[in-house]
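Hi,

Here is the structure I said I would pass on.

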Amino acid sequence: MSRLYSREMFSHYVAKNRKLAEVVVIAENKPGVLAVLANVLSEHGINIVSCSTTPTGPVGSIFFLVDYTDADRPLPEVISTYGKLSFVKEFHYREQVLPSIIFTSYAFPPTLANKRVIVIEVEKFIKLLSEFVDKPDYLKQLGRYMGELDCSTYVPEGIEVKKPSELSELLRVLQIKGLGVPEVVVFSIEHSKIIIHELFEKELGEAKERNHCIFTCGYLEGFLSKLFGREFRVEEECCASVGKPYCCFIVTSR
């Protein structure tokens, strides 16, 4: 069984009639390492189609998905040269099992901020939430719970927020989790305005042509209440589900 190497993002690649492989290198975390490893591949006609790194202190993992169809040497020979590099601790590779497609196998479990995550497609998550579309209190409470957890997980204790740009930066957790792209337009403890572009939840309201980002209202309430240590009320002012360019939320202190 392959050793497991946690990483930040799961990936796969599809290319018809091409030879594909994945490569993982455990190496010292210092400047120039990635460039040297990539150059070894390119010098032999191997194309890198995906690359990611997971630094874990002085040593980290580097993942490549490669297309070696046009390589000038057999893949095992090329990869074996990594063993001659002083900063490389170990390396492994795996060629495709089926033609035209490869999924990562060394990278497990996928992680976010060193926490294991389960990847779910947006469409499936929306379908799951749609089962509770007529139970707004449940949706809001679910969102609030997630917002509180995310604030506890990603925001350092004692951090001070005084400007819209600073709150926007903290709310970027929405973006890295694939929920939407936030921007704080107005910020004060008493009254704030937050807009979110490409918010996933807008699709719940599109069928009924009405505002329906209840889960996100709850999320913002939970996140902000945890962040500032006081209660907030969040209401959706306008929604992309009814043709607006973004979803807009008004935050008031209770």
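Ser100 counts as buried because its relative accessibility is 17% (buried means under 20% relative accessible area, exposed over 50% and partly exposed in between, with a 1.4 Å probe and protein chains only). Before going further: this is a predicted model, where local features need pLDDT of at least 70, side-chain atom pairs count only at pLDDT 80 or more, and totals for chains, interfaces and linings use all residues. Residues are numbered from 1 along each chain as its sequence is written, and side-chain values use heavy atoms, with hydrogens and water left out.

Back to Ser100, which sits in the loop between β5 (88-95) and β6 (101-103). Helices (H or I, at least four residues) and strands (E, at least two) are DSSP runs, numbered from the N terminus. The side chain of Ser100 makes a polar contact with the backbone nitrogen of Asn17 at 3.3 Å; such a contact is a pair of N or O atoms within 3.5 Å, and within protein one must be able to donate a hydrogen and the other to accept it, with residues adjacent in sequence counting only if both atoms are side-chain atoms. Leaving out residues up to four places away in sequence, Ser100 touches Tyr13, Val14, Ala15, Lys16, Asn17, Arg18 and Leu20 (contact means heavy atoms within 4.5 Å).

Is Asn17 buried or exposed? Asn17 counts as exposed, because its relative accessibility is 64%. The loop that holds Asn17 runs between β1 (12-14) and β2. Check the backbone here too: most residues other than glycine have a negative phi. Asn17, not a glycine, has a positive phi of about 60°, and Ser100 also has a positive value, near 75°.

Next, the sheet that contains β2. Four strands form an open sheet in the order β3-β4-β2-β5, with antiparallel pairing (two strands pair if DSSP finds at least two bridges between them). β3 and β5 are at the edges with a single partner strand each, so one side of each has no neighbour in the sheet. From one strand to the next the twist averages 15°; for angles and axes, lines are fitted to C-alpha atoms, for helices over the stretch in contact, and angles run from 0 to 180 degrees between N-to-C directions. Helix α1 packs on this sheet, touching β2, β3, β4 and β5, and its direction makes about 25° with that of β4.

Within the sheet, β2 has eight of its nine residues buried, so the rest of the structure largely encloses it. Nine bridges pair β2 with β4 in the antiparallel sense, where Val24 stands opposite Phe63 and Val23 has Phe64 as its bridge partner. With β5, β2 pairs over seven bridges, again antiparallel, and there Glu22 stands opposite Arg94.

Which residues of helix α1 (residues 33-42) are buried? They are Val33, Leu37, Val40 and Leu41. Seen down the axis of α1, these fall within an arc of 100°, so they line one face of the helix (the arc is that of the directions from the helix axis to the C-beta atoms). Their cover includes β2 (20-28), β3 (47-55), β4 (59-67), α2 (75-80) and β5.

There is another open sheet of four strands, with the order β9-β10-β12-β11 and antiparallel pairing. Its edges are β9 (181-186) and β11 (232-238), each with a single partner strand, so one side of each is left without a neighbour in the sheet. The twist there averages 25° from one strand to the next. β11 is joined to β12 (residues 247-253) by six bridges, and the two run antiparallel; Arg233 has Thr252 in β12 as its bridge partner. Helix α8 (residues 214-228) lies across β10 (191-197), β11 and β12, running at about 145° to β11.

Last, the helix pair. Helix α4 (residues 136-154) packs against α8 at an angle of about 40°, with the axes 6 Å apart. Gly147 is in α4 and counts as buried because its relative accessibility is 0%. Not counting residues up to four places away in sequence, Gly147 touches Tyr219, Gly222 and Phe223. Gly147 and Val173 lie 26 residues apart in sequence and 9.8 Å apart in space, C-alpha to C-alpha.

Cheers
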